Amino acid sequence: MEPVENVTKRDWLLVALSFAEGPLSPVQLQKILFLFFHKIPSVPVEFYEFTPYNYGPFCREIYTDAEILEIQGMVKIDEGPNRFRQYTITASGQDKAVSIANSISASEAEHAKKIVKWVK
């Protein structure tokens, strides 16, 4: 399948949080988006650029985008256990994520759900 027009990397971040059905740790968020890039064909070529790090693939821009989404009211970032951040989708973020998920194929949305579940 060809990449879906106008679905951005921030949109995929919202999809990840939506399918998580609860908070994600920084490591979980990184791994999910890394796997989306490598396993879901409609993820844009101009996606997050990952480099190897202590706990696996890492891209600082993911945290920046999550902070932008928090300012827009779509993501909530809290301090979780061990003072690591926890990322959760808000109601308005969930509404947008549903719209985004409806714009990709059902099989890719299902595959994305499985990736999130596996990483959690």
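In what sense do β3 and β4 pair, and over how many bridges? The two strands pair in the antiparallel sense, over five bridges. Strands here are DSSP runs of E with at least two residues, and helices are runs of H or I with at least four, both numbered from the N terminus. Two strands pair if DSSP finds at least two bridges between them. Ile77 has Tyr87 in β4 as its bridge partner. Five residues lie between the strands of this hairpin, and Asn82 takes a positive phi near 60°.

The model is predicted, so local features need pLDDT of at least 70 and side-chain atom pairs count only at pLDDT 80 or more, while totals for chains, interfaces and linings use all residues. Residues are numbered from 1 along each chain as its sequence is written, and side-chain values use heavy atoms, with hydrogens and water left out.

Helix α3 covers residues 60–71. Its 12 residues reach 17 Å from the first C-alpha to the last, close to the expected 16 Å. The expected span is 1.5 Å times one less than the number of residues. The buried residues of α3 are Ile62, Tyr63, Asp65, Ala66 and Leu69. Buried means under 20% relative accessible area, exposed means over 50%, and partly exposed lies in between (1.4 Å probe, protein chains only). Seen down the helix axis, the buried residues of α3 fall within an arc of 160°, so they line one face. The arc is taken from the directions from the helix axis to the C-beta atoms. The cover over these residues includes α1 (9–20), α2 (26–39), β2 (56–58), β3 (75–79) and β4 (85–89). Gly73 follows α3 and has a positive phi, near 80°.

The largest nonpolar core holds 39 residues. Such a core is a set of buried Ala, Val, Leu, Ile, Met, Phe, Trp, Tyr and Cys residues joined through side-chain atoms within 4.5 Å. Trp12, Leu13, Leu33, Phe36 and Ile62 touch the most other members. At least two residues each come from α1, α2, α3, β3, β4, α4 (91–103) and α5 (106–119). Helix α1 gives the largest share, eight residues. Beyond four places in sequence, Ile62 touches Leu13, Leu29, Gln30, Leu33, Tyr48 and Phe50. Contact means heavy atoms within 4.5 Å.

Asp65 also lies in α3. Its relative accessible area is 3%, so Asp65 is buried. Leaving aside neighbours within four places in sequence, Asp65 is in contact with Lys9, Arg10, Leu13 and Tyr48.

The count of salt bridges comes to five. A salt bridge is a side-chain nitrogen of Lys or Arg within 4 Å of a carboxyl oxygen of Asp or Glu. One of them joins Asp65 and Arg10, at 3.0 Å from N to O. Asp65 is in α3 and Arg10 is in α1, so this pair ties together parts 55 residues apart in sequence. Arg10 is partly exposed, at 29% relative accessibility.

Lys96 and Asp11 form another salt bridge, with the closest N and O atoms 3.5 Å apart. Lys96 lies in α4 and Asp11 in α1, so the pair ties together parts 85 residues apart in sequence. Lys96 is partly exposed at 37% relative accessibility, whereas Asp11 is buried at 7%.

Arg85 and Glu67 also form a salt bridge, their closest N and O atoms being 2.8 Å apart. This pair links strand β4 with helix α3, 18 residues apart. Arg85 is partly exposed at 37% relative accessibility, and Glu67 is partly exposed at 25%.
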